[in-house]
Amino acid sequence: MSDVVNSEVGQHVIKNNIMKDDFGWEVPVESVPLPSKGIVYSPNSILHGKETLQIKAMTAQEEDILMSPALAKDGTTIIHLIKSCLIDKSIDVNQLIAGDRNALMISIRVTGYGVNYPVGINCENCSKKNDLNVDLSSLEIKRLNILPLESGKNEFSFELPIMKKKVIFKYLNINDEKNRQAKVDFIEKHSQGSRTNSITSFLEESIVSVGGITDKNKIVHFVKNMPAFDSKSLRKYINENAPGINMEQTFKCNYCSHENEFKLPINSNFFWPR
């Protein structure tokens, strides 16, 4: 039994060195800056204080992940892709907040298919489609520029302008986004698509406490009944200060010369460029 195990281990080591020893090539590794600088992660997390993470370049192995119908059905394709490319396999990808995940995702895409990302955007003035080529390497990193209430804690404060209540909120990680999406899907299913709860579900998942109240059921009730101006102000503050990648782009229409602003879409062409 031990001979078999040792043999398998030996073969594994040899396989790991084939690209270098036999083909004279190693999979490139690069460091990706984390927009959060690791500030939002618990001291118990390996992500705490991490300003960069190392990834390996995409290979055919990662293309298999992108092609997996099972992962696509589960909605876990990106999670498995990032996990596969991270050098440190002990990192729990589900802990990553959205901005850090997007930074990794974009860097991984660049290692696989280059910096050019072709997109088609309709002009808001004349409605004609413009074919654009976005340089992903030019996207600006939005660093976290507000401090958490405590070091190593994903909690931030905001005072509602109308109600004058102190709200503590967090930036959503992948697990939080899963919970939120499940709520959205449930509402849409049981209302036959007649209504959605995209705004309330975001606030319900983001808010940790209101005026010191942490009971989740009471927070849900509060969110549904808070003044629209407070809701908008809180969302604006969260989004404007969220660490991540600036996906806002501008272009001049080729047909009417209108200046357009748009948010870079992440669709099927992102990982399978034309």
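Of the 274 residues in the chain, 38% are buried (buried, under 20% relative accessible area; exposed, over 50%; partly exposed, in between; 1.4 Å probe, protein chains only). The structure is a predicted model, in which local features need pLDDT of at least 70 and side-chain atom pairs count only at pLDDT 80 or more, while totals for chains, interfaces and linings use all residues. Residues are numbered from 1 along each chain as its sequence is written, and side-chain values use heavy atoms, with hydrogens and water left out.

Ten helices and eleven strands are present in the chain (DSSP runs numbered from the N terminus, with helices being H or I of at least four residues and strands being E of at least two). Taken along the principal axes, the C-alpha atoms fill a box of roughly 70 × 55 × 40 Å.

The largest pocket holds about 1200 Å³ of space. Pockets were located on a 1 Å grid over the protein atoms alone, a pocket being an open set of points where a 1.4 Å probe fits, with protein on both sides within 12 Å along at least five of seven lines. Grid points are joined across faces, edges and corners, and the volume is the space filled by probe spheres set on the points. The lining of the largest pocket comprises 37 residues (lining residues have an atom within 4 Å of a point). Ala98, Arg101, Asn102, Glu177 and Lys263 lie nearest the centre of this pocket. Two or more lining residues come from each of helix H4 (77-85), helix H5 (98-113), helix H6 (174-190), helix H7 (198-206), helix H9 (228-241) and strand S9 (244-245). H6 gives the largest share of the lining, with six residues. By class, the lining has 18 nonpolar, ten polar and nine charged residues (nonpolar: Ala, Val, Leu, Ile, Met, Phe, Trp, Tyr, Cys and Pro; charged: Asp, Glu, Lys and Arg; polar: the others, Gly among them).

A search of the whole structure finds six salt bridges (a side-chain nitrogen of Lys or Arg within 4 Å of a carboxyl oxygen of Asp or Glu). One of them joins Glu177 and Arg101, with the closest N and O atoms 2.5 Å apart. Glu177 belongs to helix H6 and Arg101 to helix H5, so this pair ties together parts that are 76 residues apart in sequence. Glu177 is partly exposed, at a relative accessible area of 26%, whereas Arg101 is buried, at 16%. Both Glu177 and Arg101 are among the residues that lie nearest the centre of the largest pocket.

Another salt bridge is formed by the side chains of Lys170 and Asp176, with an N to O distance of 3.3 Å. Lys170 is partly exposed at 22% relative accessibility, and Asp176 is buried at 10%. The side chains of Glu204 and Lys224 also meet in a salt bridge, at 3.2 Å from N to O. Since Glu204 lies in helix H7 and Lys224 in helix H8, the pair ties together parts that are 20 residues apart in sequence. Glu204 is buried, with a relative accessible area of 6%, while Lys224 is exposed at 54%.

Helix H8 (residues 216-225) also contains Val220, which is partly exposed at 22% relative accessibility. Val220 and Gln181 are 39 residues apart in sequence, and their C-alpha atoms are 16 Å apart in space.

Phe23 is found in the loop between helix H1 (2-21) and strand S1 (29-33), and is exposed, with a relative accessible area of 60%.

Most residues other than glycine have a negative phi. Lys164, a residue other than glycine, has a positive phi, near 60°. Lys164 is placed in the loop between strand S6 (156-159) and strand S7 (166-169) and is exposed at 54% relative accessibility. Phi is also positive for Ser257, near 65°. Ser257 lies in the loop between strand S10 (248-252) and strand S11 (259-263), and its relative accessibility of 48% counts as partly exposed.
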